[in-house]
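Please read them alongside the coordinates.

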Amino acid sequence: QVQLVESGGGLVQAGGSLRLSCAASGRTFSNYVMGWFRQAPGKEREFVAAIDWSGTATTYANSVKGRFTISRDNAKNTVYLQMNSLKPEDTAVYYCAAKNPAYVKEYNYWGQGTQVTVSS
């Protein structure tokens, strides 16, 4: 089992920045691909960003490319999402997720989420 706990959400004005953190425990963190997803009210959950085990390969949704940066610190068992130039449409609950690609294709561990609200 992998436990994921997000933090760092809050209320920010448009154009501002936030950094989300996701602390992992339970298994060897460096074995896992880590991702961030978000879900806005009335919408389906969507992919935001992902990072491989080493931190050298990252992918982003087009909607956040150039504004958000995902990173990880394997020594601290933590993954981060730096969010800059925030827009009201970034308002959502943000979830951290993990998967070990040696065994599964889909993310199978999820955090409880942290609310991000961007005011216009």
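1. Two strands are called paired if DSSP finds at least two bridges between them; the strands themselves are DSSP runs (E, at least two residues), as helices are runs of H or I of at least four, all numbered from the N terminus. The model is predicted: local features need pLDDT of at least 70 and side-chain atom pairs pLDDT 80 or more, while totals for chains, interfaces and linings use all residues. Residues are numbered from 1 along each chain as its sequence is written, and side-chain values use heavy atoms, without hydrogens or water.

2. Strand S1 (residues 3-7) runs antiparallel to strand S3 (residues 18-25), with five bridges between them. Val5 has Ala23 of S3 as its bridge partner, and Ser7 stands opposite Ser21 in S3. The covered face of S1 carries Leu4 and Glu6, whereas Gln3, Val5 and Ser7 lie on the uncovered one.

3. The open sheet has four strands in the order S1-S3-S8-S7, with antiparallel pairing. S1 and S7 are the edges; each has a single partner strand, so one side of each is without a neighbour in the sheet. From one strand to the next the twist averages 15° (axes are lines fitted to C-alpha atoms, and angles run from 0 to 180 degrees between N-to-C directions).

4. Two loop residues deserve a look. Asn77, between strand S7 (68-73) and strand S8 (78-83), has a positive phi near 55° though not a glycine. Ser85, in the loop between S8 and strand S9 (92-99), is also not a glycine and has a positive phi of about 50°.

Definitions and conventions: Buried < 20%, exposed > 50% of the residue type's maximum accessible area, 1.4 Å probe, protein only.
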